[in-house]
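You asked for a short note on this model, with attention to its ligand site and its voids. The points below can be read alongside the coordinates.

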Amino acid sequence: MKISVIGCGYLGVVHATCMTELGHDVVGIDVDPEKIALLAAGTPPFYEPHLPQMLSRALATGRLTFSTDISVVVGSNVHFVAVGTPQMVGSDAVDLRFVNGAVASLLPHLRAGDLVVGKSTVPVGTAQGLSRIIQQKGSGATLAWNPEFLREGFAVKDTLAPDRLVYGLAEGDDTGEAILDEVYARAIAIGTPKVVTNFATAELVKVAANAFLATKISFINAMAEVAEATGADVTQLADAIGHDVRIGRRFLNAGLGFGGGCLPKDIRGFMARAKELGVDQALTFLGEVDQINNRRRERMVDLAREIVGGSLEGKRIAVLGLAFKPDSDDVRDSPALDVALRLVESGAAVIATDPQAVATARRRYPDMTYVTTPDEAAKDADAVLLLTEWQEYRALDPLAFGEIVGTKAILDGRNCLDPGAWRAAGWTYRALGRP
Ligand code: UGA
């Protein structure tokens, strides 16, 4: 099929590349000429495992091109809208300006039979409005809403082999499903579950899924707070309740909590939309989910203060991890970066490192001290804080690492180290939700 993808951010680039891998002819469009030049040269503008190889392969087929010129969408029959929907400045609501802009720019180029497919995460009700705008233009094109569930770090796998497909279609639409089935033929052939529904349900599926995941994380972090007051161990608690298949162990890792470009802004946007709809009471618990999440960051700073003897002023703190999660260079709403900045504000001398996110963190906060390796960060440190659970940090040898630091004190912000091994090597080991 001939496909256009509007918006070459995280979602758009992965989607365009994977659609090419599936055999389609794809053009990726973005307003940022620098990004387009990078992509055309085979360089993704962010870190994502397996993507660079797949992008090079896709470009080599000649079936993937990139452009800043929206008119090149003419000739494509399916137009994916994959632009960002950030949180509005000064409000919890979602900023829809890029989605509205993308659809407006597509309108003059749409032809009868074209399908515009929304992938961006939007407040419920958005698709209905956009569908009306497309209809009024009278080109004969239609809209479908097809939310994306990819996780950073697993984006390629999640796109090629999603765990479900959701098609939101307009009432009476009898062609959208067949077109999307052709786009996702491979996933459908291997039996990927498919839910065909209306616009509102499709939009809600996406935010409901992220709200549930955020709630699951904050639930276990609330248990961590209780564990801290009682001497219980939240990691064992998670293992024990996770054996109940109705609960499940995944997304029950207590620690610094959730961040990134999706979960935090999606729960806030969901609450803002619920308020507009007059059903805010249904989602007040998400405010609590957000607050539990933020309290973990404060608690981490308090623990750091405690472990260095009561004041952070002038203390040398090694920060391992800046990305919001491993296998990503994304520092949007990153709990790790937030804690690092709070330490700086408290007067600590922070030396931070991350395998991939130093450049993205430096772009936002050029004044913090960044180094390349954990050893450089830990040299003569008064305490080490592990804030993102990269594999190379999990694999640190407590004996060898103990030779580098000034004081053998470590805070495990992600409950990813073996406390016994670190204590046996002479370290003071502290973690969130663990004795
Ligand atoms: C999330 C969802 O998992 C995807 O399904 C969704 O498609 C995506 O948002 C999106 O809306 O685009 P992502 O933001 O890549 O994906 O990250 P997650 O893997 O969900 O992790 C989010 C945060 O939760 C991270 O900061 C992670 O460290 C934290 N987390 C995760 C925990 O603190 N504990 C856990 O047990 C799991």
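Predicted model: local features only at pLDDT ≥ 70, side-chain atom pairs only at ≥ 80, totals over all residues.

The numbered points take the ligand, a salt bridge, the cavities and a pocket in turn.

1. Side-chain atom pairs count only at pLDDT 80 or more, whereas totals for linings use all residues.

2. The shell around the ligand. There are 21 residues around the ligand, and F149, L150, E152, K206 and N210 come nearest. By class, the shell holds 10 nonpolar, four polar and seven charged residues. Helix 9 (199–230) and helix 11 each supply at least two residues of this shell. The largest share comes from helix 9, with four residues.

3. A backbone N or O atom of L150 is 2.8 Å from an oxygen atom of the ligand. For N253, a polar backbone atom lies 2.8 Å from a ligand oxygen. K325 uses its side chain instead: one of its polar side-chain atoms is 2.8 Å from an oxygen atom of the ligand. Which share of the ligand's surface does the protein bury? The ligand taken alone exposes 720 Å², and 91% of that is buried by the protein.

4. Salt bridges. The count comes to 29 salt bridges. Side chains of opposite charge can pair when their charged atoms come close. One example is R296 with E228, whose side chains meet at 2.9 Å, N to O. Because R296 lies in helix 12 and E228 in helix 9, this pair ties together parts that are 68 residues apart in sequence. Helix 9 is also the element that gives the largest share of the ligand shell.

5. The largest cavity. How many cavities of 30 Å³ or more does the model hold? The count is two. The largest cavity has about 60 Å³ of space. V94, T121, V122, P123, V207, K265, D266, G269 and F270 form its lining. Helix 11 (residues 263–276) gives the most to this lining, with four residues. The lining residues divide into five nonpolar, two polar and two charged.

6. Helix 6 (155–160) and helix 8 (185–189) are the elements that give two or more residues to the lining. By class, the lining has four nonpolar residues, one polar and one charged.

7. The second largest pocket. This pocket has a volume of about 220 Å³. N294, R297, V331, R332, D333, S334, L337, D338, L341, R364 and Y365 line the pocket. Two or more residues each come from helix 12 (284–307) and helix 13 (335–345). Which helix gives the most to the lining? Helix 13 does, with three residues. The lining divides into four nonpolar, two polar and five charged residues.

How values were computed
Residues numbered from 1 in each chain as written. Heavy atoms only, no water. 1 Å grid on protein atoms, 1.4 Å probe; cavity = no way out; pocket = protein on both sides within 12 Å on 5 of 7 lines; lining within 4 Å. Points joined across faces, edges and corners; volume = space filled by probe spheres on them. Nonpolar A, V, L, I, M, F, W, Y, C, P; charged D, E, K, R; others polar. Near = heavy atom within 4 Å. Polar contact = N/O pair within 3.5 Å; in protein donor to acceptor, adjacent residues only side chain to side chain. Areas by Shrake-Rupley, 256 points an atom, 1.4 Å probe, with all protein chains shown as cover. Salt bridge = Lys/Arg side-chain N within 4 Å of Asp/Glu carboxyl O.
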